[in-house]
Amino acid sequence: MNQKLSVFTKQLLIVATITGLAVIALMFTIPAHYISPALPYLLIFFTASTLISYYFVQKKMQASASGFVTAFMANSIIRLLLYLMVIVAYAFTNKADAVNFIISFFVLYIIFTAFEAVFFLKSKQ
């Protein structure tokens, strides 16, 4: 495993752990009908998709530095389409939990996207 991927993985796991602890705290403080039962799985999903995404962008960047922007944009579009499919599939199969799921999904999306963007900006310096 190369050095950047190792650092990214460690920092990603720290963010995922902190987010997981926040999720656990929310589960004890907010009434259960406001929290999607899929929230722990969403945390795992976002952690995995962020790691896989970073791996492919990093691999493309090592092949050619000029291809970073193209790889990053293509990766972002593919992930957004994947996320949209997950949201739509869950919303249609679990209509009672759709709103809580979408809100949870959006919050995790913001957290993990912000982490990834900050990491890329710091690594470019």
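Select R79 and E116: they form a salt bridge, with the closest N and O atoms 2.8 Å apart. R79 lies in helix α3 (residues 68–93) and E116 in helix α4 (residues 98–124), so the pair ties together parts that are 37 residues apart in sequence. The model is a predicted one, and it holds 1 salt bridge.

Keep the pair selected and show the surface. Are these two residues buried or exposed? R79 has 12% relative accessibility and counts as buried. E116 is buried as well, its relative accessible area being 2%.

Next, select residues 39–63, which make up helix α2. This helix has 25 residues, and the distance from its first C-alpha to its last is 36 Å, close to the 36 Å expected at 1.5 Å a residue. Within α2, colour the buried residues: L39, L42, L43, F46, T47, S49, T50, S53, Y54, V57, Q58 and M61.

Now select the whole protein chain and switch to a cartoon. Its secondary structure comes to 4 helices and 0 strands, in the order α-α-α-α from the N terminus on. Along its principal axes, the C-alpha trace spans about 50 × 30 × 20 Å.

With the chain still selected, turn to contacts and surface. Of the contacts between residues at least 6 apart in sequence, 78% join residues at least 24 apart. The chain has 125 residues, and buried residues make up 35% of them. The accessible surface comes to about 7900 Å²; carbon and sulfur atoms account for 77% of that area.

How values were computed: Residues are numbered from 1 along each chain as its sequence is written. This is a predicted model: local features need pLDDT of at least 70, side-chain atom pairs count only at pLDDT 80 or more; totals for chains, interfaces and linings use all residues. Side-chain values use heavy atoms; hydrogens and water are left out. A salt bridge is a side-chain nitrogen of Lys or Arg within 4 Å of a carboxyl oxygen of Asp or Glu. Helices (H or I, at least four residues) and strands (E, at least two) are DSSP runs, numbered from the N terminus. Buried means under 20% relative accessible area, exposed over 50%, partly exposed in between (1.4 Å probe, protein chains only). The expected span of a helix is 1.5 Å times one less than its number of residues. Contact means heavy atoms within 4.5 Å. Accessible areas come from the Shrake-Rupley method with a 1.4 Å probe; for residues, only the protein chains shown count as cover.
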